Amino acid sequence: MSLPELSTPIRLYWDITPLPEVPVDHVRICGEIISLKILSLDLIASGSDVLPDSCFEIIEQCRTAHLPVTLTLSPEALTEGVRLRLAAAPPKELLFQLNDTADLPTALPSEIAGISFAVTERNWRQLPELFRFALEQGCKRLVLPMQRLYAGKKAFHLTRSQQEELKATLATVPRNPAMRITVHDPFLWRGIFPETPFPEGRCQAANTMLSIDQNGIVYPCPTMPVPLGDLKKESLRDIARGSAKKELRAQLLRLPAECSLCGEAEACKGGCRGRGERIAGSWEGIDPACR
């Protein structure tokens, strides 16, 4: 299923930590997000054991505006003081960010809905263990988030054989039908849900979604580090409706040249376009996970 082309996004991913040396006005940016009528905000404050005060201000501002917020934070950040402040102004959903099953808690705190687990070359074989833990804990949510390729980080993908290995190992793990699972990578999805087509179809970067990094730079998505604008210099509305976004979106609607003779092109729609561009150095490059 390919979603329609939108004039402004409906979902926004915002990494607010670690805090940069040059401050970003989180409260002003939040007001711009609300005025743009974003339907859901994924607020990521992981990688730090301290939540900035602005995080609570963002949540309260969004709660007043009836904008649902999913907050992802490091387990170390959930101190007693943070728990009290979040209880007074709770986000719609609270997730722990984990990168290794060795860090899984004995039990999830009652306010934690589930886990966000960034899949990497080092930890992807831990997914069966993660799924077992989620089943035992009665997790409501499991998120395998998009790779953050800001600041030149290396792109990761599962090969075809690794996708098949994951499919085989996960086939032996029972699933909790009540748990909602979000997988943004179309080929990681193939290893987890081999019988179900990827729900979003074509890459939705700069269409249904945008992302903001810690420095206030706006991107099409976290895995596509092509800057569309700087919130320290221009408004989110201008960026979301600007020519850079429109031109990029037009490019993404064209399949990479390498996909032209592929029999699966209509099904995968070019895969993860950000990963393909990062590795190939061109929008004509194929997502290597497809090979």
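I begin with a pair of residues: both Arg275 and Asp185 are buried, where buried means under 20% relative accessible area, exposed over 50%, and partly exposed in between, with a 1.4 Å probe and protein chains only. This is a predicted model, in which local features need pLDDT of at least 70 and side-chain atom pairs count only at pLDDT 80 or more, while totals for chains, interfaces and linings use all residues. Residues are numbered from 1 along each chain as its sequence is written, and side-chain values use heavy atoms, with hydrogens and water left out.

What joins these two side chains? Arg275 and Asp185 meet in a salt bridge, at 2.7 Å from N to O. This pair links distant parts of the chain, 90 residues apart: Arg275 is in helix H10 (residues 273-280), and Asp185 is in the loop between strand E7 (180-183) and helix H6 (186-192). A salt bridge here is a side-chain nitrogen of Lys or Arg within 4 Å of a carboxyl oxygen of Asp or Glu. Helices (H or I, at least four residues) and strands (E, at least two) are DSSP runs, numbered from the N terminus.

By this salt-bridge rule the count comes to 15. In general, side chains of opposite charge can pair when their charged atoms come close. One of the salt bridges is between Arg28 and Glu32, at 2.5 Å from N to O. Arg28 and Glu32 both lie in helix H1 (residues 26-35), four residues apart, which is about one turn of the helix. Arg28 is partly exposed, because its relative accessible area is 33%, whereas Glu32 is buried, because its value is 16%.

A further salt bridge joins Glu277 to Arg278, with the closest N and O atoms 2.6 Å apart. Glu277 has a relative accessible area of 13% and is therefore buried; Arg278, at 38%, counts as partly exposed.

Arg141 leads us to strand E6 (residues 141-144). Which way do its side chains point? Arg141 and Val143 point one way and Leu142 and Leu144 the other way, and all are buried. Strand E5 (residues 114-117) runs parallel to E6, and three bridges join them; two strands pair if DSSP finds at least two bridges between them. Ser116 has Val143 in E6 as its bridge partner.

I turn now to the backbone. The peptide bond from Thr17 to Pro18 is cis, with omega near -5 degrees, and Pro18 is found in the loop between E1 and H1. Two further residues deserve mention. His66 is not a glycine, yet has a positive phi of about 60 degrees; Ala206, also not a glycine, has a positive phi of about 65 degrees. His66 is found in the loop between helix H2 (53-64) and strand E3 (69-73), and Ala206 in the loop between H6 and strand E8 (209-212). Is each of them buried or exposed? His66 is exposed, because its relative accessible area is 73%, while Ala206 counts as buried, because its relative accessibility is 0%.

Finally, Ser7 is placed in the segment before strand E1 (11-15). Ser7 and Thr208 are 201 residues apart in sequence and 8.9 Å apart in space, C-alpha to C-alpha. Ser7 is exposed, because its relative accessible area is 55%.
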